[in-house]
Each structure stands twice: as structure tokens, then as C-alpha cells.
Amino acid sequence: MTKKKLPQPLVEKQEQTRNNTIEIVTSAIVELEAQGYSIKIRDLMEVTGLSRSVFAKPHIRKVLVEYGISKPAWVESPTTSKRKPRDITTLLAEKDGYIQRLLTENE
């Protein structure tokens, strides 16, 4: 059984929607940080008008980790015996976000 591929216009539309959502969340984070807020996902939900489920999606989760709003998955979950291969770019983004959050806390 072969997997059907999505039509190219649909793939492009989905990517554009993802990019728009990332842009909305990023600008909301920058705006709240400029106002001196200790940002929580609930604050971002109010500012952006996006639902809670959007903030669990991988592309938005990556932004949250980069800005130190959410802890990286490797910090939250205990080590398990079943190790799944991880995407190296996601892992690096999580660690960079964690480092930035620690640097900000130390200042």
C-alpha cells in the first residue's frame, strides 16, 4: 500500500499558515517581554486569540522553548528505557532556549 501525497498547493498553504502562526506568537512574546511580563501560555492565548492546543504543536513549541516560556521536553520528562531518535535541530533549539532562559534569570 502506497501513501498518497498531498497536493502541492495544500502543502504550501499549510506551511504558510504555520509561518503566520509562528509570526503571531513571536510578536506577542516580544510585545509582552517589552512590557515586562513574566509570560505564560495563558497570557499568549489572550493576546493572540489562539487556542491552547496551538501551543502544543511542534512548530510553536519550538518557539516557546527558544524564548524560555516552556521547558524543553528533555527537562520535563524523566529518562525512559525506550529512547527515540530526536531531530537534532529541535534538540539544539530547545537547549539554546534553555540556555537563554538561564542567562536571563542570572542577570
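The protein chain has five helices and zero strands.

Student: What am I looking at, and how are residues numbered?

Tutor: Residues are numbered from 1 along each chain as its sequence is written, and side-chain values use heavy atoms, with hydrogens and water left out. This is a predicted model: local features need pLDDT of at least 70, side-chain atom pairs count only at pLDDT 80 or more, and totals for chains, interfaces and linings use all residues.

Student: What counts as a helix or a strand?

Tutor: Both are DSSP runs, numbered from the N terminus: helices are H or I, at least four residues, and strands are E, at least two. Here the elements run α-α-α-α-α from the N terminus on.

Student: What does "buried" mean?

Tutor: Buried means under 20% relative accessible area, exposed means over 50%, and partly exposed is in between (1.4 Å probe, protein chains only). Buried residues make up 22% of the 107 residues in the protein chain. T48 counts as buried because its relative accessibility is 18%. R101, at 19%, counts as buried too. S27 is at 42%, so S27 counts as partly exposed.

Student: Where do T48, R101 and S27 sit?

Tutor: T48 is in helix α2, residues 41-48. R101 is in helix α5, residues 88-106. S27 lies in helix α1. S27 and T48 are 21 residues apart in sequence, yet 9.2 Å apart in space, C-alpha to C-alpha.

Student: Which polar atoms does the side chain of T48 reach?

Tutor: First, the rule. A polar contact is a pair of N or O atoms within 3.5 Å; within protein, one must be able to donate a hydrogen and the other to accept it, and residues adjacent in sequence count only if both atoms are side-chain atoms. A polar atom of the T48 side chain lies 2.6 Å from the backbone oxygen of L44. The T48 side chain also reaches the backbone nitrogen of L50, at 3.2 Å.

Student: How do I read a nonpolar core?

Tutor: In soluble globular proteins, nonpolar side chains tend to be buried together. A nonpolar core is a set of buried Ala, Val, Leu, Ile, Met, Phe, Trp, Tyr and Cys residues joined through side-chain atoms within 4.5 Å. The largest one here has 14 residues, of which V25, I29, L44, F55, L64 and I69 touch the most other members. At least two residues each come from α1 (8-34), α2 and α3 (58-66). The largest share, four residues, comes from α1.

Student: Which residues of α3 are buried, and what do they pack against?

Tutor: I60, V63, L64 and V65 are buried. The buried residues of α3 pack against α1, α2 and α5. After α3 comes G68, whose phi is positive, near 75°.

Student: How are two packed helices described?

Tutor: By the angle between their axes and the distance between the axes. Axes are lines fitted to C-alpha atoms, for helices over the stretch in contact, and angles run from 0 to 180 degrees between N-to-C directions. α3 and α5 pack at about 30°, with axes 7 Å apart. Therefore α3 and α5 are roughly parallel to each other. The cut-offs are under 35 degrees for roughly parallel, over 145 for roughly antiparallel, 65 to 115 for roughly perpendicular, and oblique for the rest.

Student: Which residues make that contact?

Tutor: From α3, K62, V65 and E66; from α5, T89, A93, E94, G97, Y98 and Q100.

Technical notes
Contact means heavy atoms within 4.5 Å.
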